[in-house]
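Hi,

Here is the structure for your files. My notes on the ligand site follow below.

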Amino acid sequence: MSKIKSLIWGVATAAAQTEGAYRTDGKGLSIWDVFTRKTHKIKDKSNAKVAINFYERYKEDIDIAVSIGLKVFRFSISWSRILPEGVGKINPKGIAFYNNVINYCHEKGITPWITTYHWDLPQKLQEKGGWTNREVINWYADYVTILRDHFGDRVKYWILINEGIVCMGGGYFLGVHAPGKIGIQNFLVSTHHLLLAQAKGFEVLKKKKNLKVGTAISCTKIEPYRNTSRDIKTAKRIDALMNRLFIEPHLGKGYPFQDLPILRRMSKYCIDGDEDKLKVDFDFWGIQTYTREVVKSTWYIPYLGALLVKPKYRNAETSIMGWETYPKGIPYFLNRFSKYDPKKPLWLTECGVALSEQEDDIKRIAYYREVISGMDSVLNEGINLKGILLWTLVDNFEWAEGYIPKFGIVSFDPKTLNRTWKKTAYWLKEYLSNIKL
Ligand code: GAL
């Protein structure tokens, strides 16, 4: 049997992008609920107060996933729905909601996966400094303990932090995502705490036997613009930032400061023993890759010394996100991760392309066809890829881009919120039923 047939297919979603119900049943505010009040920060001036109302329509969405033939339903937990203040008193209605989601998945024969943190810190914790406050490690550990104790009996697969680099880069360095902080200092200190928190979260979850615990890493292939030593060095620098910073400390290799010298400043936030605490032997790596960046050296960008060469200046095909569409990144990163440890299971925990409202969905099918061929080639090379989770099931709130990019294989009507299958959903159903034969 071709190995491609053994891959497990599922979908990935996230609370802040889908649930809505932002104040329903005792939920506290998250940093995204507050950030979206600054409407100029969101392209279409929208917010996620209602989003696609997964809170009330979860059954419908799970039914759709099941009927397409998908086997994994990955969703994230909204921390402030469980703990409205971020710490302390548990909201029983929050627990009940996720119990319902989990139980319904089991009832319908689709495996629930939990992401503990997909970027929506409780606002109450932000008011105490958020990820810049070292206390966040304990706040997060307490939160994860609650999740483990309530859901660990029925959920086996866990992802701790979703895409550290995007969360920290967007939220604490560039200020384009919640909580809108800027500056290298904010970025470095928060990154260190996020990684320590993740390591501690791993320990917490692994206290329960049989849980499979991993992390989801954003991966972006970085290439030099010119074949000059300066551009090559620049590409190495940016690669260290984008593709190594959130991995190597967990592998016990420390921060990659040799290739990215600004990371030396991290020592300011490290205390004795941190390096050891950062080591984690994850049960699997979750790989998420959407695009490629080409960089050239420049003196006027502080710390990084790099300029991105936009796809339009290099005749590359782009999506509505302005990203180069680059499914070739998938086999590239699967190879690269397998070099860390060839036996470690790998999952594509997100993978997709955004189209505009007007574009023909046939383009998405073409994209996934390329993804399949990339996965097929690495499986034939013996890489331990277990499965693929699509980003995403239903179009949703795409962070600072609002509702403009359409990543879903299902659309929704903004007025009625009714769901409609797109061509990709039909194609996928057919593909999945054929590979079972
Ligand atoms: C990922 C993120 C998702 C989704 C996707 C498409 O970085 O985890 O929440 O937004 O990108 O941009």
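How do the residues of the lining of the largest pocket divide into nonpolar, polar and charged? They split into 28 nonpolar, 12 polar and five charged. (Ala, Val, Leu, Ile, Met, Phe, Trp, Tyr, Cys and Pro count as nonpolar, Asp, Glu, Lys and Arg as charged, and the others, Gly among them, as polar.)

Ground rules: this is a predicted model, where local features need pLDDT of at least 70, side-chain atom pairs count only at pLDDT 80 or more, and totals for chains, interfaces and linings use all residues. Residues are numbered from 1 along each chain as its sequence is written, and side-chain values use heavy atoms, with hydrogens and water left out.

The pocket. Its volume is about 1,300 Å³ (the space filled by probe spheres set on the grid points, which are joined across faces, edges and corners). A pocket here is an open set of points on a 1 Å grid over the protein atoms alone, where a 1.4 Å probe fits, with protein on both sides within 12 Å along at least five of seven lines; lining residues have an atom within 4 Å of a point. Of the 45 lining residues, Val166, Leu174, Met242, Glu293 and Trp323 are the closest to the centre. Strand E6 (284-297) gives the largest share of the lining, six residues (strands are DSSP runs of at least two residues, numbered from the N terminus).

The ligand. The largest pocket is the space it takes (more than half of its atoms lie within 2 Å of the grid points). Around the ligand are 13 residues (a heavy atom within 4 Å). Ligand oxygen atoms have polar contacts (N or O pairs within 3.5 Å) with the side chains of Gln17 at 2.7 Å, His118 at 2.8 Å and Asn162 at 2.8 Å.

Best wishes

Methods
A polar contact is a pair of N or O atoms within 3.5 Å; within protein, one must be able to donate a hydrogen and the other to accept it, and residues adjacent in sequence count only if both atoms are side-chain atoms. Helices (H or I, at least four residues) and strands (E, at least two) are DSSP runs, numbered from the N terminus.
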